[in-house]
Amino acid sequence: MFYLVLVALVAGFSLAQSEGGTTIERRVFEIAGKLRCPICVSESVAASSSQIAITMREEIQEQLEAGLSESQILAGFQASYGDWVLLEPPRRGVHLLVWLLPVAAGAAGLVLLIGFMRRWTRAAAEVPAASEAELERVREALDGDVDSE
Amino acid sequence: MAVVIAALGLLFLFGLRRGSPDRIITSNMLGQPVPAIELPVHSNLLTQYGSTFSLPADAAGRPVIINFWAEWCEPCRVEAPLLQDIWEAYGDEVLVLGVQTLDRGRQAAGRSFINEFGLTFPNVFDGDSRSGRAYGLFGVPETFFVNADGTLHEKHAGILTAELLERAVGALLN
Amino acid sequence: MEVTSLGYVGSAAVFIALALALYGLVAGLLGVHRQDARMQTSARYSAVAVFVAMTVAVIVMQVALLTDDFSVSYVAKTSRIASPVWVKVVTMWAALEGSILLWGWLLTGYTALLAVVAPNTTLRPWALVIMQGIQIFFIGVTSIVANPFTVLPFPPLDGPGPNPLLQNHWMMAVHPVLMYLGFVGLAVPFAYAMAALITRRPGVDWMTQTRRWTLAGWLFLTAAIIAGGWWSYEVLGWGGFWAWDPVENVSFLPWLTATAFIHSVQVQERRRMLKSWNVMLVTLTFALTIFGTFLTRSGVVSSVHAFGDGPVGPVFLGFFLVSLAFAFTLIALRWDQVRDTAELDSPVSREGAFLLGNILFLALTFAVLLGTIFPLIVEAISNERVTVGAPFFDQVSVPAFLLIFLLMGIGPLLPWRRAEEQTLRNNLLWLTGMALVFALVAWLFGMNRPYPLITVAVAGWNLASLGLLLAGALVPRVRLSGRGAAAVIRTYIYENRRRFGSMVTHFGIVIIAVGVMAASAYRVDEQARLNLNEPYAFQGYELTAVSLFQESAVGEASSGAVVEVSRGGRLITTLRPHMKQYEGQEMIVPTPGVLYTTWHDIYLNIAGSTEPSQPFVILHLVQSPLVTWIWIGGFILVLGTGYALMPGRAGHRIRAGADKNVVRV
């Protein structure tokens, strides 16, 4: 019952899903979301209501209608403003670091984790070998216990 | 671990020394041809310059000082007289062009600005800020010094000074 | 305006607090060094006295603000006569100096609370000493570096008022306070961890004694971040709630490590493992809170939230580096006692899941930290200017979170030590089955993008997990106790606050995750020109701009549009998106008009001029599905954690009656 309710919720959400704005409109905001508003402190062109942002969104719309691709549009803005205007650093040169280092860190973490886990699992699995004298003591103690019962 | 702490410390000391990240970002267009401009002239200057002013056409082979300004911009008010002085001194050899931008719908304010400072060099109205955008504007005022061949010599973001203008004009004319 | 004595009184209060704190530190050190109980008690009393002194300072500041006393420099810089009373109250933390005063005050409150309430253990004196040290720093900054009480010999007649974005929404009264409570709260487990190292007791004591403090600090921080998102949504006008802005990121970093921490302490409590890891993790959490405040107040990165640069930056940087150095030196000195001599029976166990979760959280922390400071690094190396914005952080965080959510589902179902194969397989069957069902239903209704589908699947996975957990706990109890199901459920909830609270919290997170996914992936933006009195179709609604308006009230002016929102011809509501300007401030702030429904929000923001004579208005229209689920999920989360924090009836289970033969799950 509980699950049916949940399924219905999901379905309801899906129905309420957007019918989609005009494709070009959505793409305008998608692309604008990858550009940084030049005169704002730290906003994307999609988010900002400043004059430059509105102008840039108009330009993106025109360029999309003229058939330019996303990379061409982004390159156009890059020509005026440099790499700074892209909200995602270009994947070349020293900028690759920001992409690779997190992956490397995650991988390193996993490797370390597996290493530690192996070591800890081995430690738990080892049964320390008992010496003969110790075994003798154990036997005597057990026999003693049995007798005294 | 000590290395990490030291490295972080150095990095942030550097960050502190250089101050807030500002918009004094070097132009990406240095040495390259600047975008063309074709914009309506402000009505108080129509008789001198016609209804539209174009670059590079109306530069007539001269180097150009393009100054982007807005009516609400305080530093622009300080540097307007300086630009007028340059225009009066070097007008035949160097073109001074004022572009009112980031001021959608405010031509009237622009006209009063021009009248207030008695500007006689051409001033155009960039209503939808497209020219400003094309030039990579991060704000106003920004001034672009363009060589006679149409390539960008230098960009100055922020307020101008008389010395800076003199030096730039000297560089443009050589 | 005359110069009153308020500034002097305030400064005096802060300096007295500083002196008392220094005394408390010395007394505490002497007390613990010489095992002198009287000295220690004196140190505890001084902690309370410090709090009293800082409270006086806060009251003085409030009085100065409320009486418009512009001879106090902070009031002159930040307040305005025409502001409403509530704005004046919150102006205390609207700018740099005041916010440090607030932080310091809350810190002294926590320290005093610790001094009074914490059980008398070997750790307490040292923990108190550490807290005193931290508060000496903050009070020191307030009194010496950034004193809000400086007296102006020629007070101005009026001030500019706080930043417009900080006075047009009531959240300003809530979010910063919650945030600071969170940050400060996380200093307590750090202090105890350091105390544990100093006293050579790096076992579980320091964690069990601070369990509630840690959870409370985490709760405040989580609530603060969600509140901040809501505030951002209602105030910034772009229809979003999280922009990966540097200041947002630095509040997120300690949250990530704190979340990892509250889970990995359980491994230490149960299995006596991860001692060094936990100490380092709590140190990292504390260090990140200091780092966050450094970044926010130093002007090193550009952010819509950053406020102030100046002498405060280097001071915070210094404290950040010093605390890190201090903590890690201590760890190094006590390494032999802290190093992990761990035994793990099987990686497929609760411990294993927590460990993997920790790695994921830490990897994400690293990625977000790197992204935030990367522009600075690049500039330092090659003087190039580059931006790392939302697209990067989204690409990095979404996979990490999805993996974490997967663990969140399977983790609680795994037993400690070793998972038994058959049970594990059954559980996985349920989880996978539900995940697939959810994904299938979503797909049938048109969802076809990978990340949203995976998110829905993971939501199903987690809901199945919660169902299994509850069923596994309740079904045997119902069977064995013979009482009605309702009574059993009530008793279970009542007796297992920690467990049930965590289930509710995780449920809240699932809701938030689905809300975030929908609001981000299925958001529709449009920039539309609405001609007056002509309906504009948007996502099944008709929007009609009826008129443009301009209004003014005391000290503020707004201009915007009246928009009627209808669906199928029936008027649902009238929204009034507008732009507001406060007297004395140039910045114009947007106030969007929002229609909240369960399934989506219709969000309108002005995107052009609103001259009354215009026959049209340009609006930015946004439809965000399930945004409200984020706030609802956050509320559920707060309830769950709050419940887990409540003192439980731990003794109840031990008092086993004849028919209370409950199976402990």
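Because the model is predicted, local features need pLDDT of at least 70 and side-chain atom pairs count only at pLDDT 80 or more, while totals for chains, interfaces and linings use all residues. Residues are numbered from 1 along each chain as its sequence is written, and chains are lettered from A, with ligands numbered from 1, in the order in which they are written.

Start with chains A and C. Their contact takes 51 residues from chain A and 65 residues from chain C; two residues are in contact here if their C-beta atoms, placed from the backbone, lie within 7 Å. On the chain A side, the elements giving two or more residues are H1 (2–15), H2 (23–32), H3 (51–65) and H5 (96–125), all helices. Helices (H or I, at least four residues) and strands (E, at least two) are DSSP runs, numbered from the N terminus. H5(A) gives the most, with 13 residues. Sorted by class, this side of chain A has 28 nonpolar, 14 polar and nine charged residues, where Ala, Val, Leu, Ile, Met, Phe, Trp, Tyr, Cys and Pro count as nonpolar, Asp, Glu, Lys and Arg as charged, and the others, Gly among them, as polar.

Chain A also meets chain B, with 12 of its residues in contact with 14 residues of chain B. H3 and H4 (70–81) of chain A each supply at least two residues to this side, and the largest share, five residues, comes from H3(A). The classes here are seven nonpolar, four polar and one charged.

Within chain C, an automatic or database assignment gives domain 1 (1–163) and domain 2 (526–628). Their C-alpha centres lie 43 Å apart. Five residues of domain 1 touch six residues of domain 2, and those of domain 1 divide into two nonpolar, two polar and one charged.

Last comes helix H20 (627–645) of chain C. Its 19 residues should span 27 Å at 1.5 Å a residue, and the end C-alpha atoms are 28 Å apart, which agrees; the expected span is 1.5 Å times one less than the number of residues. Among the buried residues of H20(C) are C:Trp629, C:Gly633, C:Ile636 and C:Gly640. Buried means that 20 or more other C-beta atoms lie within 10 Å of a residue's own, all placed from the backbone.

Key:
A residue is buried if 20 or more other C-beta atoms lie within 10 Å of its own, exposed if 12 or fewer, and partly exposed in between; C-beta atoms are placed from the backbone.
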